[in-house]
Amino acid sequence: MINIALPKGRLGLKVYKLFESAGYEFPGIMDNSRKLIFENAELDMRCFWVKPFDVPVYVERGTADIGAAGKDILLERSPDVYELLDLKAGKCRMAVAARNDFVDDPERTLRVATEFPNIAQKYYSGLGRDIDIISLRGSLELAPVLGLSDVIVDIVETGTTLRENNLVVLNFFADLSARLIANKSSYKFKGEKISEIMRRLKEHDKDS
Ligand code: PRP
């Protein structure tokens, strides 16, 4: 059996639609229930909804053979998995943003609010800049507006959230989208089946 970890939420629905169009259906999965595990006995496949940040954990430990994870989460967690395919769903970018009247003082430690401390740290290390990371769990836009931070490192899709909070992008520095990932030993022992899934998903991604 192939076990698949899908990220619960907006991105997961897009990814599930892709699986469905590739012929991998899981009856009941779109019902508005709180059920988390769905099986298709005919395909010998099972999928489960997990918190987006946890997808790499399930895959790295082999509870899931494959999974769909945002590139942001892969960059943040650096899991020991194979990244097999860009699913091209949920395209967005990682950016540094600040109030539109922000003036940087390079002599000062920069206060950076983010949900992605590792990504932010790596980015600023590359620039040789000292930062003070303020770890938050969402609604990051508030931080510079209320003076909690100087900048944010966050995901930008349409730019609407930034605009509506009078923030501007200072720099875009990573392209993001959902990626198909695989457990390393599953890829070895269930390689044929995983390659078939990959091939069919690739045929049905948005750019095909
Ligand atoms: C993400 C991100 C931004 C927003 C960007 O938040 O953190 O707030 O989307 O999208 P936009 O550029 O299209 O406006 P999400 O909705 O995932 O919720 P969160 O604030 O809880 O992280």
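K88 counts as partly exposed, at 21% relative accessibility; partly exposed falls between buried, under 20% relative accessible area, and exposed, over 50% (1.4 Å probe, protein chains only). The model is predicted, so local features need pLDDT of at least 70 and side-chain atom pairs pLDDT 80 or more, while totals for chains, interfaces and linings use all residues. Residues are numbered from 1 along each chain as its sequence is written, and side-chain values use heavy atoms, without hydrogens or water.

K88 lies in the loop between β5 (82-86) and β6 (92-99). Strands (E, at least two residues) and helices (H or I, at least four) are DSSP runs, numbered from the N terminus. K88 is not a glycine, yet its phi is positive, about 60°. Most residues other than glycine have a negative phi. S139 also has a positive phi, near 45°. S139 is in the loop between β8 (131-135) and α5 (142-146). At 54% relative accessibility, S139 counts as exposed.

Now the ligand. Around the ligand are 13 residues, each with a heavy atom within 4 Å of it. E141, E157, T158, G159 and T161 come nearest. By class, the shell has 2 nonpolar, 6 polar and 5 charged residues. β9 gives the largest share, 3 residues.

Next come polar contacts, pairs of N or O atoms within 3.5 Å. A polar side-chain atom of T161 lies 2.4 Å from a ligand oxygen. For D154, a polar side-chain atom is 2.9 Å from an oxygen atom of the ligand. G159 uses a polar backbone atom, 2.7 Å from a ligand oxygen.

Terms used. A polar contact is a pair of N or O atoms within 3.5 Å; within protein, one must be able to donate a hydrogen and the other to accept it, and residues adjacent in sequence count only if both atoms are side-chain atoms. Ala, Val, Leu, Ile, Met, Phe, Trp, Tyr, Cys and Pro count as nonpolar, Asp, Glu, Lys and Arg as charged, and the others, Gly among them, as polar.
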